[in-house]
Amino acid sequence: MRIPYSEEYDPPAPVVEVVVRSPRGKSVRLWALLDSGADITVFPRELLDELGLIPGSTVLVKGYDGSTEEHYSYFIEVEVEGVMRSLVEAVAGEDMLLGRNFLNGLNVTLRGKDLEAELIDP
Amino acid sequence: MKTTIEVDDRLWKLFSMVVLRERGGRKRGKVIEELIRKYVEARKFLLDPELMDVVDSLERERENFKRMLPKLRRYKGKYVALKDGVVISVGDSKEEAAAKAYEKVGYSVIYVGYVGKEREVRLPSPRVIR
C-alpha cells in the first residue's frame, strides 16, 4: 500500500488511516503517524473513555530529552488497510503514533524525496 | 502514606522560605497536603467511580506482582499476567501474556509484568509547534 505524506505536518510526514479497537469490540477510525523512532505505539487519551480501555501494565517512558516517566499501558487492536495486529501495547498521549512494536510486523519504506511511504504486509 | 517527589532546587528553597514565613516553622508537608486536597477537590468531576475501581485493582495487582517476584524466578525473562494475585498466563511478550489472560478471564483488570529488569521504552519524537 502506498501512502502520500501529509502536508499537515511541517516537514511533511507519513500518516496513515487506522482503525483502533478495544478488546471489548468498540472501534474508532483515525490518522496515525508512522514513527519508527518510537519503541511503542501511542493513542490519543480521548480514546480511553471512547473505547472503554482498561490499563493492563506499566511502562517507563523515556522522552527525547532523556527524562523518564511511568505510564499505564493498554492493549489495543490496530488495523491498517486490512492488516490487523490483535494486541499492541500502547500508552495514552496526544496523537496517534504507530511505534515499532506495530511497524516491525510490516515492511515499511519511507521515500521522503517523493513524499510517499509504502507499507507491505510480508 | 509516605511518598517521594522530585522538585526543582530553587523552587523548593523558595517554597520553604514562604512556608517558614507564613506558618513560622517546618510545615511544608502540611502545606503540600492542603494543596493536593484543593487540587483534587477542584477536579472531583474527573473522578469516575468506575475508573477509580479499575486503578485501585490494577495497583493491587501490581503490588501483588512486586511481592511475588522472588517466587516467579522460574519465569525469568518472560512476561506474566496476574489476576487476583494468581499467575494466569505467561508469554514471551507482553502482548502474548495479555492475549492469553484476556482469553481466560475476559477483558478485565490484569497486570502484566516482566520477570527481570523492566526495560525503558523510548518515545523521542518532539513535535515542533509552528
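**Exercise 1. Locate B:Lys30 and decide whether it is buried or exposed.**

Step 1. B:Lys30 belongs to helix H2 (residues 28–42) of chain B. Helices here are DSSP runs of H or I with at least four residues, strands are runs of E with at least two, and both are numbered from the N terminus.

Step 2. A residue is buried if 20 or more other C-beta atoms lie within 10 Å of its own, exposed if 12 or fewer, and partly exposed in between, with C-beta atoms placed from the backbone. Because B:Lys30 has 12 C-beta neighbours inside 10 Å, it counts as exposed.

Step 3. B:Lys30 and B:Arg127 are separated by 97 residues in sequence and, C-alpha to C-alpha, by 39 Å in space.

A note on conventions: this is a predicted model, in which local features need pLDDT of at least 70 and side-chain atom pairs count only at pLDDT 80 or more, while totals for chains, interfaces and linings use all residues. Residues are numbered from 1 along each chain as its sequence is written, and chains are lettered from A and ligands numbered from 1 in the order in which they are written.

**Exercise 2. Check the length of helix H1 (residues 9–23) of chain B and state how many of its residues are buried.**

Step 1. The expected span of a helix is 1.5 Å times one less than its number of residues.

Step 2. Directly after H1(B), B:Gly24 adopts a positive phi of about 70°.

**Exercise 3. Describe the overall build of chain A.**

Step 1. Chain A contains 2 helices and 10 strands, in the order β-β-β-β-α-β-β-β-β-α-β-β from the N terminus.

Step 2. Its radius of gyration, 14 Å, is close to the 14 Å that the globule rule gives for 122 residues, so chain A is as compact as a globular protein of that length. The radius is taken over C-alpha atoms, and the rule is 2.2 Å times the number of residues to the power 0.38.

Step 3. The C-alpha trace of chain A spans about 40 × 35 × 25 Å along its principal axes, and 34% of the 122 residues are buried.

**Exercise 4. Which strands pair with strand E7 (residues 83–93) of chain A, and in which sense?**

Step 1. Two strands pair if DSSP finds at least two bridges between them. Strand E4 (residues 41–44) of chain A pairs with E7(A) in the parallel sense over 4 bridges, and A:Pro44 stands opposite A:Gly93.

Step 2. Strand E6 (residues 68–80) of chain A pairs with E7(A) in the antiparallel sense over 6 bridges; here A:Ile76 has A:Val88 as its bridge partner.

Step 3. The hairpin of E6(A) and E7(A) has 2 residues between the strands, and in it A:Glu81 takes a positive phi near 45°.

**Exercise 5. Characterise the contact between chain A and chain B.**

Step 1. Residues are in contact if their C-beta atoms, placed from the backbone, lie within 7 Å. The contact takes 27 residues from chain A and 23 residues from chain B.

Step 2. On the chain B side, H4(B) gives the most, with 5 residues.

Step 3. Strand E5 (residues 57–63) of chain A and E4(B) pair in the parallel sense over 4 bridges, with A:Lys62 opposite B:Arg122.

Notes: Contact = placed C-beta atoms within 7 Å.
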